[in-house]
Structures are given as structure tokens and as C-alpha cells.
Amino acid sequence: MVNRIVYCIMLFAMWLLLTWSPDIENVTAGLFVAVICTVLFGHLFFDNAVRILSPRRVFWFLVYIPFFLMHMVRANLDVAYRVLHVDVPIRPGIVKVKTTLTSDLGLTFLANSITLTPGTLTVDIIGSDMYIHWIYVSTDDPENQTAVIVTRFENIIKRIFE
């Protein structure tokens, strides 16, 4: 029950941030939508909503945002270089990497972070193994692949969701 209340508050706050209008109609509609979504889809939400709101986890989330954006910009520039280069220097492939994350929310966040970084796409997650499509497979060593793709995000995500 507490999780659903927290998710309802988070949905309502997101509505207010996205609409950015203090009108009573907007606030009422946002509250109505947040309650309906929580009632209908509350069973699909993750169980540890209250833990995520601890100040330590919020701090690491705020650290993660610019860290992720920096890697996303670097990856965009890398993909642009590969697309615009005359020789199109790509070596695509699907690699199997390991993660130490155990929570569903942490794994989902990591998979989405990898997918949102251009040049990589999370294809599947089976247990602690993730299958990633990579635009340039720079090494055949699975440990190096894990270090390049997963570890950079995993260390911070672990502090947020684990």
C-alpha cells in the first residue's frame, strides 16, 4: 500500500513537471490520472519504491544524470564519426556481458541506459547475463566487453537501486 501511495505521488509530480501549469483543471486532471494509473497498474510497479526515495539514493541518482548524459554525448559523437567516415569503421556484433545487479529495477535501468547510448542495444537479459548489440566490438574478451559496456553505469546504478 505504501508503495502505491509513493508511486501515485511520483506520477502526480511527474505530471506537474511535464505540464508545468498550476491551473486547477490541470492539477485535478493530473491527480485523477495518477490515482487511476496507480489503481490499474499498481501491481506492475516495482516493490521498493520507498527505498528509492532515500537521500543517499537520490544523491547518487543526481550524480548519475550528468554522468549518463556525458556518455550519451560521447556515444553520439562516436556513432556520427563512424557514419560519416569514408570507410564506415564498424564491427557489429552481439556480445554477452555479466552484471552484478540483482534487482529488477536496477537491471531495467541498466538495460535502458545501455540502449539509450547510441551504438549499443540491449537485446536480452537472462539471469546475470546481458546480450548487447554493439556497433563496434572492440575486443573479443568478455571481461573487457563487460568493463566497456556495463561497469561504467553499473557502479552508480548499484548505489541507487540495490
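Reply: Contact here means heavy atoms within 4.5 Å, and helices are DSSP runs (H or I, at least four residues) numbered from the N terminus. This is a predicted model, in which local features need pLDDT of at least 70 and side-chain atom pairs count only at pLDDT 80 or more, while totals for chains, interfaces and linings use all residues. Residues are numbered from 1 along each chain as its sequence is written, and side-chain values use heavy atoms, with hydrogens and water left out.

Me: At what angle do helix 1 and helix 2 pack?

Reply: Two packed helices are described by the angle between their axes and the distance between the axes. Axes are lines fitted to C-alpha atoms over the stretch in contact, and angles run from 0 to 180 degrees between N-to-C directions. Helix 1 (residues 2-19) and helix 2 (residues 24-41) pack at about 145°, with axes 9 Å apart.

Me: Where do the axes of helix 5 and helix 6 come, and at what angle do they cross?

Reply: The axes of helix 5 (residues 104-116) and helix 6 (residues 142-161) come within 10 Å and cross at roughly 145°. Phe109 and Leu110 of helix 5 are among the contact residues, as are Phe153 and Phe161 of helix 6.

Me: How many aromatic pairs are there?

Reply: Rings of Phe, Tyr and Trp (its six-membered ring) pair if their centres lie within 6.5 Å; planes under 30 degrees apart count as stacked, over 60 as edge-to-face and the rest as tilted. The count comes to nine aromatic pairs. Tyr64 and Phe68 have ring centres 5.9 Å apart and planes at 15°, so the pair is stacked. Both lie in helix 4, four residues apart, about one turn of the helix.

Me: Why is the pair of Phe109 and Phe161 tilted?

Reply: The ring centres of Phe109 and Phe161 are 4.8 Å apart and the planes stand at 50°, so the pair is tilted. Phe109 lies in helix 5 and Phe161 in helix 6, so the pair ties together parts 52 residues apart in sequence.

Conventions
Helices (H or I, at least four residues) and strands (E, at least two) are DSSP runs, numbered from the N terminus.
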